[in-house]
Amino acid sequence: MMKRNILKQLFIAAALSGICMSSQAGIIQAPPPNTTVDLDGTGFGNVNSMLSLKPKANGTSATGSVAWSGTQDLATGDVSSDGNNKNATYSFGELGITDAASLLLVFNPNEPGNTDTNGITINSLILSVYSGSGAFLYSTSLAAPVTYTSTPTGNGRSGFGFILDGDGIAGVNGVLSANNRIGLTASLLNAQGSADNFFGIALEGEGGGTDVPEPGSVALLGLGLAGMTALRRRSRKAKASA
């Protein structure tokens with residue numbers, strides 16, 4: 001039984017490696033006011049921790065992932081096991097997500113000193129969606145590494161926000177269901193040895209993508225253009241008669 005479980009985790013890890021290579025870039029840094037997220041002292045125990053990475057021994061890099069098998073969460077790589085279960089998939093229903101534009105991923109680094117010399121780099125970040133039965137449905141990734149020269153304090157209380165861009169929103173919405181689950185894969189560089197965490201929350205009335213004009217605005221715009229066209233025709237007729 002133990003060998004089967006190990007083989008299953010290795011299979012999941014190999015599958016995630018393939019996802020890393022084929023996923024499309026759709027994760028971006030959140031604009032203000034969610035570039036830096038302050039949860040007002042919420043604390044680690046009250047957030048939906050999805051992935052917690054910790055370098056091994058005296059290392060300064062960590063790579064790991066959490067996926068859904070259909071019956072349980074499978075965490076692989078340099079994941080932290082400190083305290084409560086910090087590596088878990090969550091369903092869209094559990095996060096209260098009904099539109100991918102409202103999904104906010106928060107990177108909560110836990111670097112000592114929080115000085116310019118103790119920065120950290122997110123080398124890669126991939127969001128994957130699984131069906132309730134564990135089938136892989138979709139993935140999207142961070143386009144390029146992001147480096148933070150200093151980090152905020154507070155484990156589970158603050159961090160850096162990431163949202164989906166227009167393509168990412170469309171892709172996730174295409175497989176969004178209350179029972180489908182979100183998994184993460186990430187790689188960190190220049191980590192100082194403490195556990196660095198990713199968690200997910202739902203934005204209230206905010207999100208990524210491009211604003212779409214309301215139907216009334218579109219109608220007013222159409223009337224304005226029609227009026228300008230009529231004025232141009234009158235001007236041409238007046239010039240012709242003169």
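A contact is defined here as heavy atoms within 4.5 Å. The structure is a predicted model in which local features require pLDDT of at least 70 and side-chain atom pairs pLDDT 80 or more, whereas totals for chains, interfaces and linings use all residues. Residues are numbered from 1 along each chain as its sequence is written, and side-chain values use heavy atoms, with hydrogens and water left out.

Among contacts between residues at least 6 apart in sequence, 81% join residues at least 24 apart. The chain contains four helices and 13 strands, assigned as DSSP runs (helices H or I, at least four residues; strands E, at least two) and numbered from the N terminus. Of the 242 residues, 42% are buried (under 20% relative accessible area; exposed, over 50%; partly exposed, in between; 1.4 Å probe, protein chains only).

Two salt bridges were identified (a side-chain nitrogen of Lys or Arg within 4 Å of a carboxyl oxygen of Asp or Glu). D78 and K56 pair at 3.5 Å, N to O; because D78 lies in the β5-β6 loop and K56 in the β3-β4 loop, the pair ties together parts 22 residues apart in sequence. D78 is buried at 16% relative accessible area, while K56 is exposed at 57%. The closest N and O atoms of E94 and R181 are 3.4 Å apart, linking helix α2 to strand β12 across 87 residues. E94 is partly exposed at 48%, and R181 is buried at 13%.
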